[in-house]
Every structure is written in C-alpha cells, then in structure tokens.
Amino acid sequence: MSARHAGNGARVLVVDDDPNILRALQVNFRARDYEVASVASGAAALQKAAQWQPDLVLLDLGLPDIDGVEVIHGLRGWTAVPIVVLSGRAGSRDKIEALDAGADDYVTKPFELEELLARVRAVTRRVVAEEATAAATIGTYLVDLVAHTVRSADGADVHLTKTEWQLAEILLRNPGKLVPQRYLLEQIWGPTYVTQTQYLRQYMNQLRHKLEPDPSRPRHLITELGMGYRFVP
C-alpha cells in the first residue's frame, strides 16, 4: 500500500451513487486519519484513480453509468490497488464476477461499519505483506517463496511438484484473501481449463497432505465452497 499505511494518511477513494453512504464513509474514514475522495460514477472513479493514485478503492457495483465490474477491469488494466466492493447484490454469482475481475473483498449492503473497517484493515495487512513476502509459514513448515523450498521444524525438506508450487505460491502471496477458482485454474492451467474444478480439488488435497497437521480438518488451506480457496496464516 505504497509508503502510506491504513490510518496513517492512506488515500481511500469511495465510489457510490448514494450520497448518504458517501457522506457516512467520508466522516468515518477521515475520523480514523484516512484521506478520502468520493465520486458517484464509474467514469469519475477511473479518472480520479488515475489522477489521485489511491491506496484503496471502496466500490459500489450498481453505478449509474458503468457497471462496477467494468470499473474493476478498468482499474486492473494498470493498477494493483486493493478494491473492496460494497454492493446490495447478495448473490454468489455477483461476488464471483467481482472477485474474478480483480476485487480483493466483497461486503454486502447493508453493512456494519466495524465489519467494513475490519475488512479494510485485513486487505491492508495483506497488501503490505505481499510487498515484502519472501517466506511464509504454514503450521510448522517454512515456505521460501524465492528459493522454492519447504522445510519442516526439524529441518526436513518437503518436495512439492511444479503444479503444487504454483498453487501454493498464489495462495501464500495472498494471505487472508479469497482467491477465486476461475483465477487459479486460468493462472495454473490456462483459460481453456476454467471449468475443471476437479484439478483444484486434487492438488489442494495433495498440498494439505504435505503441509497441514490434519488434512481432513485444514486450518491454513481453506475451501470456500463454490467460490475458491483461502490461505489463513
């Protein structure tokens, strides 16, 4: 999240066509030492993001000009800025589309302010961790993401196949984030395999047997049914 961190001058761009939500978020985020800018349309969001370079975007999907998913695609064309979607669309399909487009998290309206703030803090921690991530820990195993080695607490090496490494690396570089099935399939196997979810189940099962203390009750490599997977440190 650049040199600015949450609550310490971080820039938050709020995109929503509801003036009451804009006003409430402005007041509450400024009270917590964020810099806040707000816009009410997709076109204005893309323009403001390019000019202002925010550290975080809070984005409504139901905008008057451009659908929020298209705004996400527009932002992801040039920036990795964290995007938290705020939307009254509660269906899983809308969540999957937003996450597949590149959103980092999804909060359904109406929402509790404290929940939103907690999600923002979680995304912030993840982004800061990503910027410095060279290693990660899964239970008693130390995973070196640069050297591509896995070592247990007693010093024994654990071998991962190439595909297991690809899956593990994506998840470990996104701690706490829900990574959609479609994204994983496209990144590891290619765009023609985006419906082959059995591949993910097979390789996730293999990773759990190598890295989880109890593969039948995983604590770190978590399945979000019908949506994707999450690494919980």
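Modeller: Two strands count as paired if DSSP finds at least two bridges between them. Strands (E, at least two residues) and helices (H or I, at least four) are DSSP runs, numbered from the N terminus. The model is predicted: local features need pLDDT of at least 70, side-chain atom pairs count only at pLDDT 80 or more, and totals for chains, interfaces and linings use all residues. Residues are numbered from 1 along each chain as its sequence is written, and side-chain values use heavy atoms, leaving out hydrogens and water.

In the open sheet, three strands follow the order β6-β7-β8 with antiparallel pairing. Because β6 (135-138) and β8 (149-151) are at the edges with a single partner strand each, one side of each lacks a neighbour in the sheet. From one strand to the next, the twist averages 20°; axes are lines fitted to C-alpha atoms, for helices over the stretch in contact (heavy atoms within 4.5 Å), and angles run from 0 to 180 degrees between N-to-C directions. β6 and β7 (residues 141-144) are joined by four bridges, and T137 has L142 in β7 as its bridge partner. Helix α6 (residues 162-172) lies across β6, β7 and β8, at about 95° to β7.

Strand β4 (residues 83-87) has parallel pairing: four bridges join β3 (residues 56-60) to β4, with L58 opposite V84. Four bridges also join β4 to β5 (residues 105-108), again in parallel, and S87 is partnered by T108 in β5.
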